[in-house]
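Open the structure in your viewer and keep the selection tool at hand.

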Amino acid sequence: YDVESGGVACEAPASEAAKSLSVAVTLNGGDYTQMIAFKYFPTHEVTLLEPACGPADGGTLVRISGRALSDAEQPRCRFGELATVAASVGPDAVMACRTPAADAPSTVALEVSLNAQQFTTAGQTFVTYLEPAVSALSPPQGPTGGESLSLIHISQPTRLLSMGEGG
């Protein structure tokens, strides 16, 4: 018994399958507490991050696809050494979380947990970058038929993935 946490630490034995079972505690080998449920979940895996990069100031909503993510009861995303943040799992079994702020542009491992304890170790990475600031567009206009080439001046050297309409 741990006085500080008010609980008894027990390590769950391995299970060959995902299942639920009942757990009880005894201090004397004869008198047991009320049964509570413990759930084994299948091995989960991350297969896709969307997007796989975002600004270093954080706040990007990352959607995580994979295997067996819908079993999450305490979903979490861990962004390397930056932070571990709460996540949610939608009805489509896609996990989502917001990126924490980083001190500088970096590449970090993004791992997920279904129970806020055991995290994947697949090595999926998330890249943070300095948010570019557009300072000029030359020329700032073009024909409705498209095909006009414009030079976009930015304050941070960042790989420009695409040019699209902003809201």
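Predicted model: local features only at pLDDT ≥ 70, side-chain atom pairs only at ≥ 80, totals over all residues.

**Stop 1: the core.** Select Ile-64, Cys-77, Phe-79, Met-95, Cys-97, Leu-110 and Val-112. These have the most contacts inside the largest nonpolar core, a set of 17 residues. Now colour strands E3 (45-50), E5 (61-67), E6 (76-79), E9 (95-98) and E10 (106-113). Each supplies at least two residues of this core. E10 gives the largest share, three residues.

**Stop 2: Cys-77.** Centre the view on Cys-77. Which residues does Cys-77 contact, leaving aside neighbours within four places in sequence? Among them are Ile-64, Met-95, Cys-97, Leu-110 and Val-112. Show Ala-83, Thr-84, Val-85 and Ala-87 too, as Cys-77 also touches these. Glu-111 and Phe-119 are on the list as well.

**Stop 3: E9 and its partners.** Select E5 and E9. The two strands run antiparallel, joined by four bridges. Find Ile-64, with Met-95 of E9 opposite. Follow the chain through the hairpin of E8 and E9, where five residues lie between the strands. Stop at Ala-93, which takes a positive phi near 65°.

**Stop 4: the surface.** Select Leu-21, Val-23, Ile-36 and Phe-38. Together they make a nonpolar surface patch of about 310 Å². Strands E1 (19-23) and E2 (36-40) each supply at least two of the patch residues. Finish on Leu-21, in strand E1.

Key: Residues numbered from 1 in each chain as written. Heavy atoms only, no water. Core = buried A, V, L, I, M, F, W, Y, C linked by side-chain atoms within 4.5 Å. Buried < 20%, exposed > 50% of the residue type's maximum accessible area, 1.4 Å probe, protein only. Contact = heavy atoms within 4.5 Å. Pairing = 2+ DSSP bridges. Patch = residues over 30% accessible without salt bridge, like charges linked within 9 Å, V, L, I, M, F, W, Y side chains within 5 Å. Areas by Shrake-Rupley, 256 points an atom, 1.4 Å probe, with all protein chains shown as cover. Salt bridge = Lys/Arg side-chain N within 4 Å of Asp/Glu carboxyl O.
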